Amino acid sequence: MTAIPDVTLNNGQQIPQLGFGVFLIEPQDTVAAVSTALEAGYRHIDTAEMYGNEQEVGEAIRRSGLERGEIYITSKLNNDAHEPDDARRAFDESLKALGLDYLDLFLIHWPLPTRYDGDFVSTWRTLEEFYREGRARSIGVSNFQPHYLRRLHGESEIIPAVNQIEVNPYLTQDELRGFCAEHQIAVEAWSPLGRGNVLEDPEIATIARRAAKTPAQVVLRWHIQRGDIVFPKSVTASRIRENIDIFDFGLSANEVEAITALNRNERTGPNPDKFAG
Ligand code: NAD
């Protein structure tokens, strides 16, 4: 299998472009799923306090026998912990649950513009502390629209290394991705398979037949060729292995465009301007 490429972030740190997401994996299934992913060659795990499985992710990492430096680990600040003191406590608790002394990447999970008097800036400044202390090697945001990113730009010092946003062939997000590219913010595409919704699409099925790959592999390859970072989720060993087996083929520019043209601006998750956690 060809190696997973790294993406270099705006602070020089490198992140594997493909990882493993653990949202909606039950705690009792997490050690097995993450162990299967690590055995299959994944070296990047995306979790969050909200997912309730940080402890099990940590357990799978310890059982793998891999060195800490070989695995890239992201977690995210919970929606109930945006006040600076709460954020400090939550960050410590995430580290403790995972059994780690640093995270590779820590994100504000949602901007929550209707809560905390719309103040995500003091939350971001608290993440800047974790970065300066070296306890978060990179910091970033998730579900941030350009107007929130502009505010951070004007009122804080560090530019987020990533913005983790919902992207799939039915929600291509090209405007927001363009804004992030202009500001050296890497895009992480969450729910890259649209939680399975895009896998029945006839155009994607045709391209998959031509490439002798599965629809899931074609969609993940489309993300990779657009430059986004992805971490598909599955608890099924064969799918976990299938989703990493995407580095031995390529889509033509026309195929990438044909998939991008499927855009319907259709979200599977909440609208960040309205979501209150
Ligand atoms: P996804 O797009 O990765 O889809 C997962 C679902 O697709 C699986 O449950 C399974 O039903 C199906 N699937 C997976 N592989 C398949 C295959 N090879 N063939 C057929 N079907 C397959 O959805 P997700 O889990 O919601 O997103 C991935 C990750 O993104 C999450 O685990 C999490 O880490 C992250 N995420 C972040 C946010 C955020 O707000 N930051 C929100 C949602 C998800």
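A polar contact is a pair of N or O atoms within 3.5 Å; within protein, one must be able to donate a hydrogen and the other to accept it, and residues adjacent in sequence count only if both atoms are side-chain atoms. This structure is a predicted model, in which local features need pLDDT of at least 70 and side-chain atom pairs count only at pLDDT 80 or more, while totals for chains, interfaces and linings use all residues. Residues are numbered from 1 along each chain as its sequence is written, and side-chain values use heavy atoms, leaving out hydrogens and water.

**The ligand**

Around the ligand there are 25 residues, and the nearest are Asp46, Ser142, Ser191, Leu193 and Asn243 (near means that a heavy atom of the residue lies within 4 Å).

| Residue | Protein atom | Ligand atom | Distance |
|---|---|---|---|
| Serine 142 | side-chain N or O | nitrogen | 2.9 Å |
| Glycine 194 | backbone N or O | oxygen | 3.4 Å |
| Glutamate 242 | polar side-chain atom | nitrogen | 3.0 Å |

**Helix packing**

Helices (H or I, at least four residues) are DSSP runs numbered from the N terminus. Their axes are lines fitted to C-alpha atoms over the stretch in contact, and angles run from 0 to 180 degrees between N-to-C directions.

Helix 5 (residues 146-155) and helix 6 (residues 174-182) have axes that come within 10 Å and cross at roughly 15 degrees. The two are therefore roughly parallel (an angle under 35 degrees). Helix 5 passes helix 6 in a left-handed crossing, meaning that the near helix is turned anticlockwise from the far one by less than a right angle; clockwise would be right-handed. Pro146, Leu149 and Arg150 of helix 5 make the contact with Leu176, Phe179 and Cys180 of helix 6 (contact means heavy atoms within 4.5 Å).

Helix 8 (residues 215-226) packs against helix 10 (residues 253-260) at about 105 degrees, the axes being 10 Å apart. Helix 8 is therefore roughly perpendicular to helix 10 (65 to 115 degrees). On helix 8 the contact uses Val218, Trp222, Gln225 and Arg226, and on helix 10 Val256, Ile259 and Thr260.

Helix 1 (residues 27-40) and helix 9 (residues 237-244) also have axes 10 Å apart, with an angle of about 40 degrees. Ala33, Thr36, Ala37 and Ala40 of helix 1 meet Ala237, Ile240, Arg241 and Ile244 of helix 9.

Notes
Parallel < 35°, antiparallel > 145°, perpendicular 65-115°, else oblique.
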